Amino acid sequence: MENSNYLGTEKVGKLLQKFAIPCICSLIISCLYNIVDQIFVGNGVGYLGNAATGVIFPITVVGWGLSLFFGDGAAAALSVSLGRGETKDIHRSVGSAVFGSFFSGVVVIVIAYLWGDGLLRMIGATDANIQMAHEYGMIIFAMMPLAMTQNTLASIIRADGSPKYAMVAMLTGAIINIIGDPVAIFALDMGIKGAAWATILGQFVSFLICAAYLRHPKTFRIGTGSFRPSMALLKPVMALGTSSLLTQLSIVVITVVNNILLVKYGAGSVYGADIPLAAFVVIMKLFQIVLNIAIGIAVGAQPIVGYNYGAKNYGRVRELLKLMVKWTAIVGLACTVLFEVVPGVFIRMFGSASDPVYFDFAVLCLRIYLSLILVTCVQKVCAIFLQSIGKAKAAAPLSVLRDVLLIVFSLLIPVFMGVTGIFWAAPAADVLAILVTAAVMVQVWKELGQEKREQEPAAAAIPMKMPLCGSCISQPTR
């Protein structure tokens with residue numbers, strides 16, 4: 001097994017680049033599965049097809065959230081354990097997390113198949129798109145257990161010091177999907193079903209690549225007994241993964257609530273029910289891309305932050321936090337400028353731009369909804385940072401704070417502003433969420449500074465101690 005001490009000695013900027021860039025690429029690639037479907041479906045089927053894939057989106061996010069619940073939790077636990085030198089049970093934690101993710105996927109598809117179209121109508125399907133939503137969803141659901149297991153493994157692989165391997169696994173699946181979509185939709189004339197088949201084929205190949213990694217991990221060894229679930233080992237994993245789960249579940253609630261509200265208020269407007277729904281789906285895809293870049297920075301930093309926090313290198317932890325916030329703010333600012341200056345470019349990417357009513361509405365709402373995306377990204381990164389240092393009780397509420405506020409404002413503002421009020425809820429929620437987050441992070445920053453000052457005198461005193469015997473000189477310190 002390889003030594004992970006370099007996480008505590010190498011320059012933090014170099015480490016962050018090494019881990020964050022592949023992680024960002026992995027998360028962006030994972031977004032491509034759904035986004036590529038949106039682009040090809042939008043151009044090949046129309047905006048009703050986009051609305052149909054948007055209906056399925058909340059269910060896939062539930063699966064994504066459960067996979068991160070186990071994956072990010074296991075990754076955080078792995079990093080902190082390595083920093084503390086507690087490596088005995090890592091293989092059992094990993095195996096239990098993988099089992100938990102697969103079993104959760106089975107539960108998701110059983111519920112989705114048994115509930116059927118009733119579930120789809122409950123989360124926003126209309127008479128116009130229910131058939132396409134059914135055709136797309138029934139295929140996508142079939143791969144949920146393996147797709148979720150693959151996502152859990154990707155988090156563990158990154159924490160094990162192999163972010164590039166995880167990226168390659170995701171990239172391979174995405175390439176298959178990107179090639180498969182136009183072939184299935186246009187060449188084979190399979191319509192929305194073709195998009196679904198291309199997606200699950202890519203997911204299956206990614207799963208095989210990630211599963212193969214378990215034959216040669218760097219910091220632990222997997223055996224048959226590793227996959228025997230242990231609640232004692234899963235408890236800390238689930239505690240640390242709760243923040244990721246709540247973040248994804250809040251996206252589901254937001255999507256479902258907004259789907260219902262968009263249909264309700266859209267039906268009473270000049271736009272009808274389907275145009276606001278289709279516009280929201282496109283905007284959420286763009287939101288996902290930017291947010292995943294920010295999350296990639298934070299999740300990429302997680303092994304480094306967790307290791308150094310476990311090793312009590314609090315100065316390095318503070319330096320990492322500064323770098324994470326700095327690069328997240330730069331990305332958020334750049335994207336804000338693009339969305340405000342050339343929003344039409346992004347709307348046209350997803351097709352249906354020939355409908356002037358749809359296009360004008362989508363452009364307006366994109367500018368509103370994503371106006372404070374920089375603030376959203378920084379707030380989410382701070383929550384993941386707290387998860388990385390084991391502060392699960394602080395990370396969990398912060399991870400959903402913005403989303404809870406968004407739901408509240410989504411219910412209130414449209415009463416006065418109509419359908420566009422649903423989009424104004426996002427910047428309103430961002431302002432309040434960042435104020436609360438800033439207060440929490442200032443306190444955490446002070447605590448890290450205090451712990452650093454307490455560590456320095458103790459570290460300085462160690463060289464002054466004389467060995468009790470000659471044999472002690474050759475023994476390594478721990």
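1. The lining of the largest cavity draws at least two residues from each of helix 1 (12-44), helix 2 (47-84), helix 5 (130-142), helix 6, helix 8, helix 9 (231-267), helix 10 (274-310) and helix 14 (373-388). Helices here are DSSP runs (H or I, at least four residues), numbered from the N terminus. Helix 2 contributes the most, with eight residues.

2. The model is a predicted one: local features need pLDDT of at least 70 and side-chain atom pairs count only at pLDDT 80 or more, while totals for chains, interfaces and linings use all residues. Residues are numbered from 1 along each chain as its sequence is written, and side-chain values use heavy atoms, with hydrogens and water left out.

3. Five cavities of 30 Å³ or more are present; a cavity is a set of points on a 1 Å grid over the protein atoms alone where a 1.4 Å probe fits but cannot get out, and lining residues have an atom within 4 Å of a point. The largest cavity holds about 690 Å³ of space, the volume being the space filled by probe spheres set on the grid points, which are joined across faces, edges and corners. Its lining has 39 residues, of which Ser30, Thr60, Trp64, Asn151 and Gln288 are the closest to the centre.

4. By class, the lining of the largest cavity has 19 nonpolar, 17 polar and three charged residues. Nonpolar covers Ala, Val, Leu, Ile, Met, Phe, Trp, Tyr, Cys and Pro, charged covers Asp, Glu, Lys and Arg, and polar covers the others, Gly among them.

5. Helix 6 (residues 144-159) packs on helix 8 (residues 191-213) at about 45°, with the axes 9 Å apart. Axes are lines fitted to C-alpha atoms, for helices over the stretch in contact, and angles run from 0 to 180 degrees between N-to-C directions. The pair is therefore oblique (under 35 degrees is roughly parallel, over 145 roughly antiparallel, 65 to 115 roughly perpendicular, the rest oblique). The crossing is left-handed, that is, the near helix is turned anticlockwise from the far one by less than a right angle; clockwise is right-handed.

6. Contact (heavy atoms within 4.5 Å) between helix 6 and helix 8 involves, among others, Leu146, Leu153 and Ile157 on helix 6 and Phe204, Phe207 and Tyr213 on helix 8. The residues of this contact are ten nonpolar, four polar and no charged.

7. Helix 9 and helix 14 have axes that come within 8 Å and cross at roughly 155°, and are therefore roughly antiparallel. Leu240, Gly241, Ser243, Ser244 and Thr247 of helix 9 meet Lys380, Ala383 and Gln387 of helix 14. That contact divides into two nonpolar, five polar and one charged.

8. The axes of helix 10 and helix 13 (residues 356-369) come within 9 Å and cross at roughly 45°, which makes the two oblique. Helix 10 passes helix 13 in a right-handed crossing. Residues in the contact include Phe280, Met284 and Phe287 of helix 10 and Tyr358, Phe361 and Tyr369 of helix 13. The contact has 17 nonpolar, no polar and no charged residues.

How values were computed. On a 1 Å grid over the protein atoms alone, a cavity is a set of points where a 1.4 Å probe fits but cannot get out, and a pocket is an open set with protein on both sides within 12 Å along at least five of seven lines; lining residues have an atom within 4 Å of a point.
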